[in-house]
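Please take a moment with the sequence and the model below.

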Amino acid sequence: MTTARTTQIIFENADYFLAHLDNGGVRVGMFEICAVDFPASHQCYADAVALTPETIEAFCDQQVAEGRFVVTA
């Protein structure tokens, strides 16, 4: 498997970021914690690509609760 490369940062703030990838997907991340790629075919892609600085925290919290993001202390 080849890791996708970031082609454009859509937005970033002190805690979170959203970026377009060279494979057509998006990367959603929590700085210094984790980042997850969502390919265009993923069930969460539409929700991920539509994120805003105001909605990304709740999205990440939901992903942690559903086990998609693994956060260790």
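**Cysteines, strands and a helix**

The count of disulfides here is 0, where a disulfide is a pair of cysteine sulfur atoms within 2.5 Å. Cys34 is in no disulfide, and the nearest cysteine sulfur, that of Cys60, is 7.0 Å away. A disulfide is a covalent bond between the sulfur atoms of two cysteines. The sulfurs of Cys60 and Cys34 are 7.0 Å apart, so they are too far for a bond.

This is a predicted model: local features need pLDDT of at least 70, side-chain atom pairs count only at pLDDT 80 or more, and totals for chains, interfaces and linings use all residues. Residues are numbered from 1 along each chain as its sequence is written, and side-chain values use heavy atoms, with hydrogens and water left out.

Are these two cysteines buried or exposed? Cys34 is buried, with a relative accessible area of 15%. Cys60 is buried too, at 0%. Buried means under 20% relative accessible area, exposed means over 50%, and partly exposed lies in between (1.4 Å probe, protein chains only).

Now turn to the strands. Strands (E, at least two residues) and helices (H or I, at least four) are DSSP runs, numbered from the N terminus. Strand β1 covers residues 6–12 and pairs with β2 in the antiparallel sense over 5 bridges. Two strands pair if DSSP finds at least two bridges between them. A hairpin of 3 residues joins β1 to β2. Within this pair, Ile9 stands opposite Ala19 in β2.

Strand β2 (residues 16–21) also has a partner in β3 (residues 26–30): 5 bridges join them, and they run antiparallel. Here Ala19 stands opposite Arg27 in β3. The hairpin of β2 and β3 has 4 residues between the strands, and in it Gly24 takes a positive phi near 95°. How many residues of β2 are buried? The strand is mostly covered, with 5 of its 6 residues buried.

Next comes the helix. Gln63 lies in helix α2, which spans residues 56–65. Gln63 is buried, with a relative accessible area of 1%. Which residues does Gln63 touch, leaving aside neighbours within four places in sequence? Gln63 is in contact with Phe38, Cys44, Arg68 and Phe69. Contact means heavy atoms within 4.5 Å.

Finish after the helix. Val71 is found in the segment after α2. Val71 is partly exposed, with a relative accessible area of 41%.
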